[in-house]
Amino acid sequence: MPARQRSPLAVNRDASPTEQAPLSIAADAVAPGVVDSPVSVGNQEVQPVVYNDNVVLAAPTFSALLAAVDEEETGEDKDDDENNKKSDSKSDDAQSDEAAATVPPPVVGAQQPVEYFLSIALTQHPQIAAARQRVAAATYVIPQVTALPDPVFTNQFWPIQDQALQTAGGRVGHQMALSQGVPWPEKLRTKGAIASREVQMAQAEVDRIEREITESVRLAYYEVWFADRAIEIIEETRDLIEDLTKVAEARYRSGGTQQDVLRAQLESDRLDDQLVVLTRQKEVAQANLATLLQQPISLLPQATKELGLTNVPEQLDALVNLAEQCNPELRGLTWEIQRDRQKEKLACLQKYPDLQVGLNYSIINDNVNVISPVANGHDNISFTVGTTLPIWRDKINAGIREAAFRRSSTTERLEAQRDSIYGRLRGLLAEADALVEQTEIYEDRIVPRTEDTLKLAIADYRGKRTDFFTLIETYRQLLAYETQLARFKASLAGTVAKIDRTVGCP
């Protein structure tokens, strides 16, 4: 099979995976900042993460919050989390380096690239804002679960003097006690590790929603672009129809048939009908895009003439490796497995007792109402130390088994999601490759040859060597092929957007 020249849409298969990364726009308006008072986790002070409605304030020490809890975990858990921490730390650092930006609203009637609309959607969409608020809320769980329980103060007294407790030292007026529960130390650290994993799971959910919104915006934008291109093709074709009408009228005056003139006029009417359909299609796509941007429905976003698609990923293995590192669903399930492991560890720690320490203070009176002849009125001070007795082993063992089954279930879900992503990428890459080849065939062969055929048909019609029906059929084919070529390009861009979402790398 002869070698063919590849389209600019195709990518060099020998390029490195870095050069073939899926197209995506990191359009978050992220501002580094510190708010509220710090909390202590382990031996470190950590600043909570807070998200406002439109500006994200990500604490520079957010990674330290998770690291402070991770330092208390076992070596086995640290090894399991190493790769995941690397990818998360890169994401947090990237957020910290970006400056807060206010994206201006779209200008009515102005053509804007898809990146412009992505920056607006990722900054203003309420689903993303809600997910960021959940991350901010989850960060405040850590200081709660790692703190000691509240101490308890009690005061026992006897309001009726002759019924009060009597001792050798005198009558007891008040017995005050202050007690503090002290859980097994490893339990608090494990609870902190569980909460930190849930923060990471919430952040993975933010990433998933951002990728979903990004895909939706890009697909809506490409529909606007296709409608624009199809309308442009119709407008360009209108001049050709006018020329054909003039040719048919000239031939009619020289002895031709009036049917040719009527057919030419009918084709002009068909173009008007197609314009109505395409205009409605464009307005629907613009309304969908405006909704994603949280802009008024009356706003009509305009697409640029060129999609700017210059790179189509084609290496499946490289994309699978990227998805393993970046896909929000896989990352969220990975953190969920780590959380379930900590929950299993916490269930095992229920075998160990919790302590209870206290201070008691009794106020003793030696007035005339005391019974003891040796009453001296000295107040009593005592200390108490207690412990729980974890003797109900059936309950503890049941909790351990429950945690183990939940961890196993999450592991199976991770494997199922990985297989699903692998299959999805294979299908999308096959679809992208087919669209690239179809685009090349239409651009390099079908459309140019149809244009040449139409020129010859016009010349033959003027020379009375062919009929008007053959001329119109050739014209219709050219119109259909040019429209189909625009659809191929829009579909290819949409497929790349789906690949980008599936891989998950910004």
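The buried residues of helix α8 are covered by, among others, α9 (328–349), α10 and α11; contact here means heavy atoms within 4.5 Å. This is a predicted model, in which local features need pLDDT of at least 70, side-chain atom pairs count only at pLDDT 80 or more, and totals for chains, interfaces and linings use all residues. Residues are numbered from 1 along each chain as its sequence is written, and side-chain values use heavy atoms, with hydrogens and water left out.

Helix α8 spans residues 316–326, and its buried residues are Leu316, Ala318, Leu319, Val320, Ala323 and Cys326. Buried means under 20% relative accessible area, with a 1.4 Å probe and protein chains only. Helices are DSSP runs of H or I, at least four residues, numbered from the N terminus.

Now the helix pairs. α9 and α10 pack at about 170°, their axes 9 Å apart. Axes are lines fitted to C-alpha atoms over the stretch in contact, and angles run from 0 to 180 degrees between N-to-C directions. α9 is therefore roughly antiparallel to α10, the term for angles over 145 degrees. Their crossing is left-handed, meaning the near helix is turned anticlockwise from the far one by less than a right angle. The contact of α9 with α10 holds eleven nonpolar, five polar and ten charged residues.

Next, α10 (residues 393–462) and α11 (residues 468–503). Their angle is about 160°, and the axes lie 8 Å apart, so α10 is roughly antiparallel to α11. The crossing of α10 and α11 is left-handed. In their contact there are 24 nonpolar, ten polar and seven charged residues. Nonpolar covers Ala, Val, Leu, Ile, Met, Phe, Trp, Tyr, Cys and Pro; charged covers Asp, Glu, Lys and Arg; the others, Gly among them, are polar.

How values were computed: Helices (H or I, at least four residues) and strands (E, at least two) are DSSP runs, numbered from the N terminus. Angles under 35 degrees count as roughly parallel, over 145 as roughly antiparallel, 65 to 115 as roughly perpendicular and the rest as oblique. Buried means under 20% relative accessible area, exposed over 50%, partly exposed in between (1.4 Å probe, protein chains only).
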